[in-house]
Amino acid sequence: STQSTWDAALVAVAEHCPRLASLTIHNVTDVGVAMLAHGCTQLTRLELLDNEGVSDAGVVALAARCTLLECLLLGGCRGVTDRGLSAVGAHLPRLREFDVGFCRAVTDRGIVALAAGCSALVDVWLAGVNVEDEGLRALAAGCPALECLHAGAG
């Protein structure tokens, strides 16, 4: 089975660390992320780079429960699509740093939804994402604090 042992560890973290503010973790899936979202609603920074088991389901759970997030790094989580970005845009108005680099299922539609709800964004990673004029225009118009935009074929 490809089930990660870190999902089980996240259950313990979710139960015993309700005030957790920052976490970097690898080898987790949507199951562990959902547990984390349920128990650790005070998270402000979450780094889930290159977790192949993390998809929209995990991102939707995070966005719904962890509304204080200021930094969400999902680069290389290839299961993340426009649906996940729509949830981020709908629920994470404090977001300042966001990475969906190499999440190749993300399109302009997701970036437009992100920009509509996350006007505080300062640093956005879109390298290797299929974003075109519409998405970039939405970011430029909707995110006046934007300082760093990493885009392109990667």
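Predicted model: local features only at pLDDT ≥ 70, side-chain atom pairs only at ≥ 80, totals over all residues.

Student: At its relative accessibility, does leucine 69 count as buried or exposed?
Tutor: Buried means under 20% relative accessible area and exposed over 50%, with partly exposed in between (1.4 Å probe, protein chains only). Because leucine 69 has 0% relative accessibility, it counts as buried.

Student: Which residues does leucine 69 touch, not counting residues up to four places away in sequence?
Tutor: Leucine 69 is in the loop between α3 and β3; helices (H or I, at least four residues) and strands (E, at least two) are DSSP runs numbered from the N terminus. Contact means heavy atoms within 4.5 Å. With that sequence exclusion, leucine 69 touches Leu43, Thr44, Arg45, Leu46, Leu92, Arg94 and Leu95.

Student: How are α2 and α3 oriented to each other?
Tutor: The axes of helix α2 (residues 30–39) and helix α3 (residues 56–65) come within 8 Å and cross at roughly 5°. Axes are lines fitted to C-alpha atoms, for helices over the stretch in contact, and angles run from 0 to 180 degrees between N-to-C directions. Angles under 35 degrees count as roughly parallel, over 145 as roughly antiparallel, 65 to 115 as roughly perpendicular and the rest as oblique. The two helices, α2 and α3, are therefore roughly parallel.

Student: What is the make-up, by class, of the contact of α2 with α3?
Tutor: Helix α2 contributes Asp30, Val33, Ala34, Ala37 and His38, while α3 contributes Ala57, Gly58, Ala61, Leu62 and Arg65. Ala, Val, Leu, Ile, Met, Phe, Trp, Tyr, Cys and Pro count as nonpolar, Asp, Glu, Lys and Arg as charged, and the others, Gly among them, as polar. On that scheme the contact has 6 nonpolar, 2 polar and 2 charged residues.

Student: Which residues make the contact between α3 and α4?
Tutor: The axes of α3 and α4 come within 8 Å and cross at roughly 5°. That angle makes α3 roughly parallel to α4. The contact is made by Asp56, Ala57, Val59, Val60, Ala63 and Ala64 of α3 and, on α4, by Arg83, Gly84, Ala87, Val88 and His91.

Student: How many nonpolar, polar and charged residues has the contact of α3 with α4?
Tutor: The classes are applied to the residues from both helices, α3 and α4. The tally is 7 nonpolar, 2 polar and 2 charged residues.

Student: Why do the buried residues of α5 lie on the same side of that helix?
Tutor: Helix α5 (residues 108–117) has Asp108, Gly110, Ile111, Leu114 and Ala115 as its buried residues. The arc is that of the directions from the helix axis to the C-beta atoms. These residues lie on the same side of α5 because they cover an arc of only 160°.

Student: Which exposed residues does the face of α5 turned away from its buried side carry?
Tutor: The cover over the buried residues of α5 includes α4 (82–91), β4 (97–99) and α6 (133–142). The face turned away from that buried side carries the exposed residues Arg109 and Ala116.

Student: Within what arc do the buried residues of α6 fall?
Tutor: The buried residues of α6 are Gly135, Ala138 and Leu139. Seen down the helix axis, they line one face of α6, because they fall within an arc of 100°.

Student: Which backbone nitrogen does the side chain of asparagine 51 reach?
Tutor: Asparagine 51 lies in the loop between β2 (45–47) and α3, and it is buried, with a relative accessible area of 1%. At 2.6 Å, its side chain reaches the backbone nitrogen of asparagine 27.

Student: What phi does asparagine 27 have?
Tutor: Asparagine 27 is placed in the loop between β1 (22–24) and α2. Most residues other than glycine have a negative phi. Asparagine 27, although not a glycine, has a positive phi of about 60°.

How values were computed:
Residues numbered from 1 in each chain as written. Heavy atoms only, no water. Polar contact = N/O pair within 3.5 Å; in protein donor to acceptor, adjacent residues only side chain to side chain.
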